[in-house]
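User: I would like to learn how to read strands and helices in a model. Could you take me through one?

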Amino acid sequence: MVQSLRFRTAGQVAQRVDSIGLRRISLCHFARANGAQGGLLNKRAQLRITAHRDNETDRQAKTDHASGDPSFAGARPTGNKPLFAVYVGKCHKTDGGRKTWLYFDVRRKNHVQRGRTAPTPAPMTDSPLFEIFLVTVPGLESVLCAEALERGFTGATAAPGGVTLQGSWVDVWRANLELRGATRVLARIGGFLAFHLAQLDKRSRKFPFGDLLRRDIPLRVQVTTKASKIYHAGAAAQRIETALTDTHGLTLDPKATLVLKVRIDDNNVLFSLDTSGESLHKRGHKEAVGKAPMRETLAALMLREAGYRGTEPVVDPMCGSGTFVIEAAEIAAGLLPGRTRHFAFQDLANYDDAAFKAMKEHPVLTPPAQFFGSDRDAGAVRMATANADRAGIAHLTHFANHAAGELTPPEGPPGLVIVNPPYGARIGNKNLLYPLYGTLGQTLLTRFKGWRVALVTSEPSLAKATGLPWKPHGPAIAHGGMKVWLWQTPPLR
Ligand SMILES: C[S@@+](CC[C@H](N)C(=O)[O-])C[C@H]1O[C@@H](n2cnc3c(N)ncnc32)[C@H](O)[C@@H]1O
């Protein structure tokens, strides 16, 4: 069983580590400011410590902690003690007066599984590290990977369609709760080889689904098969579903939010649980959306790609339902994107409500109210205002009803203009849009000296029509069934 505890002092952590004989400690250190006072952990003979700090490499952080507190001297490995995961919050004052939170995720070393193959079913009660796949928008995998590494997800690696990492259930919860760019989080819970349907049936009946899945929570099964002797996805699904209901006593429902994804590739059957449920772009506090809303996950990744890190002003002159402005304000305020929503993992057998509540406790910052949206559509402005209110950041945002040509920069330092204008393919006729893009470009060029501009559009010719000095753009990004690009300028001169 995964247990989560909260400790106040290094001594308490040390006592617990000693009593359960841990061999591996991974410290995720989310310092919001450099110069945080770490010093809680020390490298001892029986302990392996890894540490991650925002904007720092693993190596640097390890060095920081090498001369830490000798509290762990007594820790030593002991036989087959059950997994013990500890999620700890501890607060330090830093030089800049900002608070630093430390999170400890502690587990025994001999539970680490390496490599992608060998998906031997392991009892979930023992909670080994397993592969976690963060699904994201094709084209922005490396941006999500950077976010995951910054958030302390060790070893995160970009892959087509997402990011892979090795982690525990605590990491699954945290990825769902904290990552702004992930669309969903898949937990690769294990699998086996199967060369024919009877084998699939037999091994599915033996697989320890009951360690994770609850009889009172319905689920549905999705199967894909590739390069395997079992080539019929429907037949494979039927065998697995029968095993789930008849042997494991589980309930199936084609509309269930909990999904067991089964990939059969080269005769390897791999089970993944979709631990998110509803797509993570649904933050849980947005009700009103406009004609062509940007998904929050995509907006967050584009803000990151445009260099936004929560400290500068942000302006969106065609804000629609306010997605960019609200995401930017939430990032600045240090709000967790999943703070108000439900996740599928909360319906699993290993879910620990008290531990997850503790994980959600997070310091909220008070940034300047420097997030501005405007739109020529009064209805859009009302929507954006209501959405900001529901997100709890209305005090940081300003929304106004006017055309982009009337935009003036807010007082204060320059920052980022980020805009997602209509594209011909989605809204109206493309030819009518050239003057709109031209006016936007002229307004920014003449009034927004020192600001950077980031613009999302599907049409290179429309981006060009702004007359803005675009840098070479990145890869195409999948958005609403189209390809779009994020066009960016250096600070305007
Ligand atoms: C693609 S939508 C933006 C969606 C927005 N990013 C969101 O997440 O909801 C384009 C927006 O541009 C606005 N718009 C179109 N022409 C405009 C103009 N000349 N000035 C200001 N807003 C304009 C539309 O009203 C619409 O809300």
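Analyst: Start with strands S8 (residues 184–193) and S11, which pair in the antiparallel sense over 7 bridges. Two strands pair if DSSP finds at least two bridges between them. This is a predicted model, in which local features need pLDDT of at least 70, side-chain atom pairs count only at pLDDT 80 or more, and totals for chains, interfaces and linings use all residues. Residues are numbered from 1 along each chain as its sequence is written.

User: What do the labels H and S rest on?

Analyst: Helices (H or I, at least four residues) and strands (E, at least two) are DSSP runs, numbered from the N terminus. The chain has 12 helices and 18 strands.

User: What holds strands of a sheet together, and which residue of S11 is the bridge partner of Leu 193?

Analyst: In general, strands of a sheet pair through backbone hydrogen bonds, either parallel or antiparallel. Here, Leu 193 has Asn 268 of S11 as its bridge partner. S11 is also joined to strand S10 (residues 258–265) by 7 bridges, and S10 and S11 run antiparallel. Within S11, Ser 272 stands opposite Lys 261. The hairpin of S10 and S11 has 2 residues between the strands, and Asp 266 takes a positive phi near 55° there.

User: In what order do the strands of the open sheet lie?

Analyst: The open sheet has 7 strands in the order S6-S7-S5-S8-S11-S10-S9, and its pairing is mixed. Strand S6 (157–159) and strand S9 (219–226) are the edge strands, each pairing on one side only. From one strand to the next, the twist averages 30°. As for the parallel case, S9 and S10 run parallel and are joined by 8 bridges. In S10, Lys 261 is the bridge partner of Gln 222, and Asp 265 is that of Lys 226.

User: Why is S11 described as largely enclosed by the rest of the structure?

Analyst: A residue is buried if 20 or more other C-beta atoms lie within 10 Å of its own, exposed if 12 or fewer, and partly exposed in between, with C-beta atoms placed from the backbone. In strand S11 (residues 268–274), 5 of the 7 residues are buried, so S11 is largely enclosed by the rest of the structure. Of the 493 residues of the chain, 44% count as buried.

User: Which side chains of S10 point to the buried face?

Analyst: The side chains alternate along S10.

User: How do I read the angle between two helices?

Analyst: Axes are lines fitted to C-alpha atoms, for helices over the stretch in contact, and angles run from 0 to 180 degrees between N-to-C directions. Angles under 35 degrees count as roughly parallel, over 145 as roughly antiparallel, 65 to 115 as roughly perpendicular and the rest as oblique. The axes of helix H4 (residues 169–178) and helix H9 (residues 353–360) cross at roughly 45° and come within 11 Å. H4 and H9 are therefore oblique to each other.

User: Which residues make the contact of H4 with H9?

Analyst: Two residues are in contact if their C-beta atoms, placed from the backbone, lie within 7 Å. H4 contributes Trp 173, Arg 174 and Leu 177, and H9 contributes Phe 356, Met 359 and Lys 360.
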